[in-house]
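Trainee: Could you take me closely through one part of this protein? Then place that part in the rest of the chain.

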Amino acid sequence: MSNHQSAHHDKLAVRLSVIISRLMAGESLYLNTLAEEFRVSERTLQRDFHQRLAHLDIQHEDGCYRLANGRLHDHSPAALSLIRNIGLSPLIPMQDKALMNLLMDGSGTSPCLIWHTPLNPAAMRSDCFQRLAEAIHRHCTISVLVGGIRHDALEPYRLIYQQHCWYLVTSYQRSICVFRLDDIISVTLLEHRFRRRNEVNDLIAEEGFIAALPHFRFISDVINTFRT
């Protein structure tokens with residue numbers, strides 16, 4: 001078998017495995033969307049469904065394919081966890097199973113839109129966001145570089161979105177430190193783990209604290225001036 005034929009079979013195997021996994025998850029698949037994703041013709045995809053996947057009980061109508069009489073996968077637990085974990089639950093009036101599955105269904109028109117001012121993608125490093133989320137989840141101390149200054153042994157508690165900006169809330173030597181995410185140049189996860197303090201958890205969840213985040217640096221400077 002030539003290298004060209006081998007590559008063709010590899011792409012076919014990947015395409016079929018993706019299609020099967022999505023059908024088994026209860027998704028409705030559209031030929032035009034799949035053709036764009038896999039960069040093949042709709043005729044090729046029709047051959048996939050009608051010949052290569054003929055052993056599956058697939059029904060189709062107007063270019064849409066789904067498993068016949070298949071039970072849809074229940075996405076509601078994941079959806080509920082997501083909206084609660086990121087603080088969107090006050091915006092969703094009904095948090096029942098049917099609505100959650102509607103919100104998670106990617107086959108039709110999304111029924112809801114939460115509008116916000118778009119962030120400047122160049123102002124925030126996605127790799128920093130990923131490392132910070134991991135550090136918060138694993139309770140790892142971190143080192144961050146901000147404006148040429150290295151801040152070590154920080155205990156990250158949460159990433160909070162407020163007034164069109166993400167803020168990193170940390171603790172250092174039992175004091176709260178806040179950084180704008182677009183000011184952070186690099187993030188390093190350290191081996192040391194820390195234990196989250198309940199009083200800090202409660203404080204950073206308060207409405208007044210979150211509202212003050214854009215002015216946190218100024219407030220801290222005023223307090224430190226009077227302390228001095």
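Mentor: Start with pairing: two strands pair if DSSP finds at least two bridges between them. Strands (E, at least two residues) and helices (H or I, at least four) are DSSP runs, numbered from the N terminus. This is a predicted model, where local features need pLDDT of at least 70, side-chain atom pairs count only at pLDDT 80 or more, and totals for chains, interfaces and linings use all residues. Residues are numbered from 1 along each chain as its sequence is written, and side-chain values use heavy atoms, with hydrogens and water left out.

Our part is an open sheet of 3 strands. Read across, the order is β1-β3-β2, and the pairing is antiparallel. On the edges sit β1 (29-30) and β2 (58-61), each pairing on one side only. Look at β2 and β3 (residues 64-67): they run antiparallel, joined by 4 bridges. Glutamate 61 stands opposite cysteine 64, which is in β3. A touch is a contact, meaning heavy atoms within 4.5 Å.

Zoom in on leucine 29. This residue is in strand β1. Is leucine 29 buried or exposed? Leucine 29 counts as buried because its relative accessibility is 4%. Buried means under 20% relative accessible area, exposed over 50%, and partly exposed in between (1.4 Å probe, protein chains only). What does leucine 29 touch? Leaving out residues up to four places away in sequence, the list is Ile19, Arg22, Leu23, Leu34, Phe49, Gly63, Cys64 and Tyr65. Take tyrosine 65: along the sequence, leucine 29 and tyrosine 65 are 36 residues apart, yet C-alpha to C-alpha they are 5.1 Å apart in space.

Now step back to the chain. It has 9 helices and 8 strands. Buried residues make up 27% of its 228 residues. Take the contacts between residues at least 6 apart in sequence: 55% of them join residues at least 24 apart.

There is another open sheet, with 5 strands in the order β7-β6-β5-β4-β8. Its pairing is antiparallel too. Here the edge strands are β7 (175-180) and β8 (184-193), each pairing on one side only. Direction ignored, neighbouring strands of this sheet are turned by 45 degrees against each other on average. Strands β5 (residues 149-162) and β6 (residues 165-172) run antiparallel, with 7 bridges between them. Proline 156 stands opposite threonine 170 in β6. This sheet has a helix packed on it as well: α6 (residues 126-138) touches β4 (140-146), β5, β6 and β8. The direction of α6 makes about 25 degrees with that of β8.

Finish inside α6. The side chains of aspartate 127 and arginine 131 meet in a salt bridge, 3.6 Å from N to O. The term means a side-chain nitrogen of Lys or Arg within 4 Å of a carboxyl oxygen of Asp or Glu. About one helical turn separates the two partners, because they are 4 residues apart in α6. Arginine 131 is partly exposed at 33% relative accessible area, and aspartate 127 is partly exposed at 27%. A search of the whole structure finds 10 salt bridges.

How values were computed:
Axes fitted to C-alpha atoms, helices over the stretch in contact; angles between N-to-C directions.
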